[in-house]
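Hi,

Here is the structure I promised to pass on. Have a look at it first, and my notes follow below.

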Amino acid sequence: MRMTPLAIIVGSLLLLFTIVFMVVVTPWYTTRNQAPSEIFRHRETPEAQGRLIYIENGCVYCHTQSIRTIDWGIGAERIAQAGDYIADHPILLGSERTGPDLSQEGGEHPDDWHMAHFVNPRFTRPMSIMPAFKFLGTDKLRLLTSYVQSLGMKDADARVLRQLYWKEAATRAYEAGPVENVRWLHDHVPEGWRILPNPYPTTPAGLARGHKIYQDFCFGCHGPIGDGMGPAQPFIYPPPLNFTILKNTDISGGILYYQIMNGITGTAMPYFKKDLESEKIWDVGNYVAVYFINQTDADGEPKAIDAANEPMDMPGEESSDQPPVGPDLPE
Amino acid sequence: MLAELSQLMVETATAKGERNVSIPSLPMTENYETAKGFCITSGFWMMIATFMGLLGATELMAPDILENIGWLVFGRVRPVHVNLVLFGFVTPGLLAAAFYYMPRLLRTTLYSEKLGVVSVLVWNLTLVATVVTLSAGYTQGREYAEMIWPVDMMVVISFLLVFINLFLTLRTRKEPVLYVSVWYVFAAIVLTATTYSLGNVIWRPGSGALRGIPDAILLWFYGHNVFGLLLTPLALGVTYYVIPKAVNRPLYSHTLSLIGFWSLIVVYTHIGTHHLIQVPVPTWLKVIAIVDSIGMVIPVMVVLINIWYTAKGELGKIHADIGAKFVFAGTIMYFFVSIQGSMMALPQVQRVTHFNNWVVGHAHIGVLGFAGMISLGGLYYVLPRIAGKPLFSRFLADFQYWMVLIGVSGFTIVLTIAGLIQGNAWLNGETVYRVLPQIHLYYVIRASLGVMIFLSAVVGFYNIIRTLYFNPGESAS
Ligand code: HEM
């Protein structure tokens with residue numbers, strides 16, 4: 001084959017156009033009238049403005065907006081569909097998950113959580129590596145928040161409404177004073193959990209683990225001494241709980257576990273069921289109980305058979321109806 | 001018939017080999033202003049681009065280090081880094097070599113050095129505009145197509161100026177047979193100007209985007225072609241020139257050159273959708289993308305066999321020339337990045353590797369290891385020849401070679417490890433947040449390697465400037 005200028009320039013352009021026709025124009029033609037998905041809705045003006053701020057600041061380089069079948073994280077309940085994106089111009093799928101996927105972020109948290117998080121992500125998420133966006137100023141952060149709250153469209157709207165509903169209730173309870181607040185908080189914990197003590201014994205290793213988890217997940221809101229005065233506090237209302245007010249209430253290991261696992265919708269208190277497995281939640285609960293509330297029911301009554309890894313002589317072991325040492329082995 | 005022609009190519013290549021010896025006695029009317037301009041452009045922007053990369057890496061490691069300096073926030077630093085690497089460092093470096101070898105391969109002089117200098121100036125202006133607009137938050141938010149419409153226009157004009165100059169040079173050629181490098185350069189420029197315009201949706205100045213899923217398909221068609229139709233062909237053009245010259249041998253096979261060239265254009269353009277395997281795009285398109293990604297083995301291996309067989313047994317000569325040494329290392333990186341890329345297009349592999357630092361590792365082997373090393377190689381190969389004096393310091397160039405090589409290999413290792421940690425943890429149901437402390441160490445190592453690469457860029461720029469302007473070396477003429 002003789003390579004003339006014509007062959008090179010025209011030849012390669014012809015190839016290119018043929019292939020563009022095949023891999024760009026044809027898919028465009030077949031998908032351009034994509035029907036909206038069942039959750040689709042158009043964005044309101046502030047949400048659209050927030051989206052522009054999202055683009056300007058390169059959130060797309062750290063956040064995807066596309067849930068896959070193999071995902072477990074935020075929004076994994078709903079796999080992305082082509083009909084979710086029909087208003088996206090440009091589409092913001094993203095190519096890297098330095099941070100979590102945001103396609104179903106709307107309503108995950110109330111607005112105050114987002115404001116604190118945007119001012120400095122380390123306020124609500126101590127190990128975060130997301131940049132601080134305080135420089136955008138309050139107005140832009142509000143717009144950004146309304147965009148983020150719209151992610152997930154109709155599904156997000158339902159979640160946002162739920163946040164607003166419970167925010168009102170939580171605020172009322174908070175403003176009625178600590179006793180009333182604690183009563184309100186605990187009233188929503190199912191009965192079975194309320195009477196459940198922490199089944200793990202208090203051990204130095206367990207407390208050390210609890211401390212680590214507290215530093216990594218809770219510290220920004222509840223503060224280094226558990227008085228609710230973490231750096232996020234000025235942005236959050238009702239403010240992060242001051243754990244010391246729980247002393248001499250009906251607090252139990254089960255309540256702590258349930259609240260940490262499930263979060264308190266309407267308040268900035270997030271759920272941790274995706275971040276922390278069972279033992280970690282018991283550990284951090286016991287850490288809070290021992291160091292901040294100053295009373296723990298860990299390893300108290302009622303109690304099941306000791307777990308295989310439990311130390312042999314824990315305080316309270318004597319009063320247990322189980323033999324302190326295992327039964328004698330048959331001869 | 002083919003054999004006959006390849007014989008012809010062999011002869012021309014041999015003829016070039018002879019001209020190699022006579023380099024100093026070439027018409028001294030040539031002053032290579034354009035090639036010099038692109039050398040300086042590449043060297044300068046390599047410093048800025050790698051600095052921005054280092055900055056981004058540092059922010060991932062210590063996120064509050066530049067707290068609340070809006071224009072240096074990670075989301076703005078990253079696109080500045082990426083675009084400067086692509087259009088500031090790698091492409092101009094490859095063009096510098098092209099502006100040197102194109103007139104020689106065509107046995108003529110450059111149509112206009114003046115026009116060339118203008119294109120260098122417009123190119124630099126475009127880069128400045130890119131930095132300013134992206135840092136200020138003027139962006140279209142589409143990866144590799146971030147620049148706003150006026151800057152898009154400047155990019156297209158830059159490419160057109162280069163095209164016009166080279167095309168008119170071609171018109172005055174005295175060499176009837178076009179050598180492989182010439183094919184690649186023309187294809188790269190023409191195809192990139194086209195796909196750039198398409199991919200940036202320049203008929204929609206406001207958004208520069210389509211709507212919905214078609215936007216993603218178009219974006220990645222274009223995005224992949226930045227590597228496939230710009231960096232790769234320009235880098236292969238340099239490789240096809242420098243390696244046979246350095247070992248002073250004809251090219252191994254004309255047939256392989258032909259197959260490599262056309263299959264690159266056909267296959268590479270099909271595979272953009274492998275970035276969207278886990279997204280609801282039409283399945284048939286994913287199938288095409290995956291099949292052709294595997295098919296990429298052909299254009300890649302054909303070229304590499306051609307080049308490596310040409311150099312067979314002559315590695316000493318390659319080692320002796322710092323330019324050829326860079327280029328040859330680049331070909332090895334090309335092998336790795338492409339084989340890795342073919343694997344990464346498989347859905348089973350992507351379950352782990354997609355969305356995490358594995359891909360960032362791949363991107364660095366490709367753009368820095370392959371295209372970047374060859375860009376530096378072309379630059380160091382032509383520098384003494386356009387300066388008419390030996391390189392200011394071979395030691396500094398070797399230093400840069402090792403820094404870049406260690407840097408990019410280190411990147412590959414740590415980013416791949418970080419990616420595997422992330423990908424497997426996510427598959428097991430761990431949240432993104434939980435995994436952050438596990439990859440922190442690798443972010444620290446990555447930033448340290450970034451320091452090496454940035455310093456090597458500073459050294460390289462110094463070497464370029466000294467070679468061109470304050471060169472104590474004996475003039476070669
Ligand atoms: C046979 C050749 C190649 C194949 C099949 C291939 C395949 C791929 C695939 C599948 C991805 C997407 C990974 C993901 O998102 O999960 C990717 C990303 C990438 N590739 Fe390659 N690759 C090849 C060669 C190259 C070369 C030569 C370069 C550079 C010159 C390169 C640069 C990149 C870059 C920069 C990305 C990152 C894109 C992003 O921002 O997400 N690749 N490649």
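Let me begin with the charged groups: R68(A), D71(A), R97(A) and D101(A) are joined in a network of salt bridges (a side-chain nitrogen of Lys or Arg within 4 Å of a carboxyl oxygen of Asp or Glu). Before the rest, some housekeeping: this is a predicted model, in which local features need pLDDT of at least 70 and side-chain atom pairs count only at pLDDT 80 or more, while totals for chains, interfaces and linings use all residues. Residues are numbered from 1 along each chain as its sequence is written, chains are lettered from A and ligands numbered from 1 in the order in which they are written, and side-chain values use heavy atoms, with hydrogens and water left out.

Over all chains, the search of the whole structure gives 32 salt bridges. One of them pairs D88(A) with R51(A) at 3.7 Å, N to O. D88(A) sits in the loop between helix 2 and helix 3 of chain A and R51(A) in helix 2, so this pair ties together parts that are 37 residues apart in sequence (helices are DSSP runs of H or I, at least four residues, numbered from the N terminus). D88(A) is buried at 7% relative accessibility, and R51(A) is buried at 5% (buried is under 20% relative accessible area, exposed over 50%, partly exposed in between, with a 1.4 Å probe and protein chains only). R41(A) and E47(A) also form a salt bridge, with their closest N and O atoms 3.0 Å apart, and both residues are buried. In the salt bridge of K280(A) with E277(A), the closest N and O atoms are 3.1 Å apart; here K280(A) is partly exposed at 29%, and E277(A) is partly exposed at 41%.

The loop between helix 2 (45-56) and helix 3 (111-119) of chain A also holds Q65(A), which is buried at 5% relative accessibility. Its side chain makes a polar contact of 3.2 Å with that of Y54(A) and one of 3.2 Å with that of Y147(A) (N or O atoms within 3.5 Å, one able to donate a hydrogen and the other to accept it; residues adjacent in sequence count only if both atoms are side-chain atoms).

And where is the ligand? The ligand lies between chains A and B. It is surrounded by 25 residues, the closest including E143(B), Y144(B) and H354(B) (a heavy atom within 4 Å). Helix 14 of chain B gives the most to this shell, with 6 residues.

Happy browsing!

Definitions and conventions:
Helices (H or I, at least four residues) and strands (E, at least two) are DSSP runs, numbered from the N terminus.
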